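Work through the exercises below with the sequence and the model side by side, and try each task before reading its solution.

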Amino acid sequence: MEITPDRSALNNSEVIVPVSALTRSIALMLERNFSLAWIVGEISNFTQATSGHWYFLLKDASAQIRCVMFRSRTQNLEFVPRNGDRIEVRALATLYEPRGELQLNVEHMRRTGQGQLYEAFLQLKAKLAGEGLFDADKKRLLPAHPRAIGVITSLQAAALRDVLSTLARRAPHVHVIVYPAPVQGVGAAAQLVAALESAQRRAEVEVLILCRGGGSLEDLWEFNHESLARAMAASTIPIISGVGHETDFTIADFVADMRAPTPTGAAELVSTQREVLLRELMQRYAQLSRAFNRLLERRMQTLDGLARCLVSPAERFVQQRSHLRQLTLRLSAAATQSLRAGQARFALLDLRRRRSHPDLVRTRATLKFWAERLAAGLAKKHQQRCAKLNELAARITLLSPQRTLERGYAALLNPRNGRALRAPNDLIAGERVVVHLAQGSAEIGIRDVQPTLGLTSS
């Protein structure tokens, strides 16, 4: 029976209570006296169970406490903490009764110092996504070979040097225009918007790179302003976002037409290497040269054909005389061929006439000759078949089992299955067998079996 004593009873040393009742009472006291609170500390011994629950220690320089975050809570987080991360947790102090250990039941978790900023970031991200500013069908295509590239960043930023050096190395022929604007601090977002509007108003570049180096969430916060996001969405010039490192995400990254992991990556995305362009130019030149040569050859062939058509009157007269001579020869040959064709047709008709009146006497003699030969051949074949049949009959008679029985032998058969009994091992004393003789059969009983030594049955 479970006992739950009150606090005054626990103070009485004479009261004896079970351990489970004590831990249950302590747990109730904690839940009644300590409400949800935000607690900051460093994660240690982080474990992610197969059930989806998280177990870890939250500690500072002076103390530590066990924590548990159940699967239903962890699914709502957008990050997985690691050992050494400094975080803030909203938790309820409880007691794990089976072990009597104090622990925190964590309901929510956020990175230290980023709680409000991160929540504001998520709220703005959800708002703009709901309005369709991140939709893929609204992304503009980047120009394949831009002639002018704009860069919006601070003149003192290391990212600007990285972008310029990358563009100078890959595409030195491309014109680069820098629109300076601060990338950190209060009011930087407004100046970034002004630089973006200036680039659109001047319309001197075909693509824009919005970039800066990595940093904390506070350092990159100016790129999470709603005004900058809406200005980027309304831009008529394609924009590449190269803000921070690969793991850093800002609202500007989602609104941009393309996101690069780093400023250098943004410069690489927007510029084709000069060697690649030169190689492509040489290929196009070779294709154009081959096409021009083929066109020139066809025109030269056409010119030769036209030149052959331009002949002198004397040469044309010679050609016409030769043509007339050929026509005369063809006419004479046609007349001769017609005569020969008539003669051949007459011969064919004469042959058909003679074949329609055959020589009956000769035909009858031929038929009689072949009939006699056919009858003689059939008779000879019949005699050969009869002789072969008699020979086979004699062989069958010689090998007949009846002839063997007539010589005094007998055959023993198993009465159950009718099989021949060949070896002494097939005979069993006391059983009956069927004996076949030349003039009939009999059924006899086996009294004793004496196998012959030195003989094996086949």
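The exercises that follow concern a predicted model, and each has a worked solution.

**Exercise 1.** Determine which residues of the largest nonpolar core touch the most other members.

*Solution.* Begin with the core itself, which has 35 residues, and among these I152, Y179, L192, L208, L210, F223 and M232 touch the most other members. Finally, take I152 as an example and leave aside residues up to four places away in sequence; I152 then touches Y179, L192, A195, L196, L208, I209, L210 and C211.

**Exercise 2.** Classify L296 as buried, partly exposed or exposed, and find the patch to which L296 belongs.

*Solution.* First locate L296, which is placed in helix 10 (residues 274-309). Its relative accessible area is 40%, and because partly exposed covers the range between under 20% (buried) and over 50% (exposed), L296 is partly exposed. Then turn to the surface, where L296 forms a nonpolar patch with F292 and M300, and the three together have about 310 Å² of accessible area.

**Exercise 3.** Describe the surroundings of I428.

*Solution.* Start from the position of I428, in the loop between strand 11 (411-413) and strand 12 (432-437), where I428 counts as partly exposed at 45% relative accessibility. Then list its contacts: apart from residues up to four places away in sequence, I428 touches I446 and V449.

Notes. Residues numbered from 1 in each chain as written. Predicted model: local features only at pLDDT ≥ 70, side-chain atom pairs only at ≥ 80, totals over all residues. Heavy atoms only, no water. Patch = residues over 30% accessible without salt bridge, like charges linked within 9 Å, V, L, I, M, F, W, Y side chains within 5 Å. Areas by Shrake-Rupley, 256 points an atom, 1.4 Å probe, with all protein chains shown as cover. Salt bridge = Lys/Arg side-chain N within 4 Å of Asp/Glu carboxyl O. Helix = DSSP H or I, 4+ residues; strand = E, 2+ residues; numbered from the N terminus. Buried < 20%, exposed > 50% of the residue type's maximum accessible area, 1.4 Å probe, protein only. Core = buried A, V, L, I, M, F, W, Y, C linked by side-chain atoms within 4.5 Å. Contact = heavy atoms within 4.5 Å.
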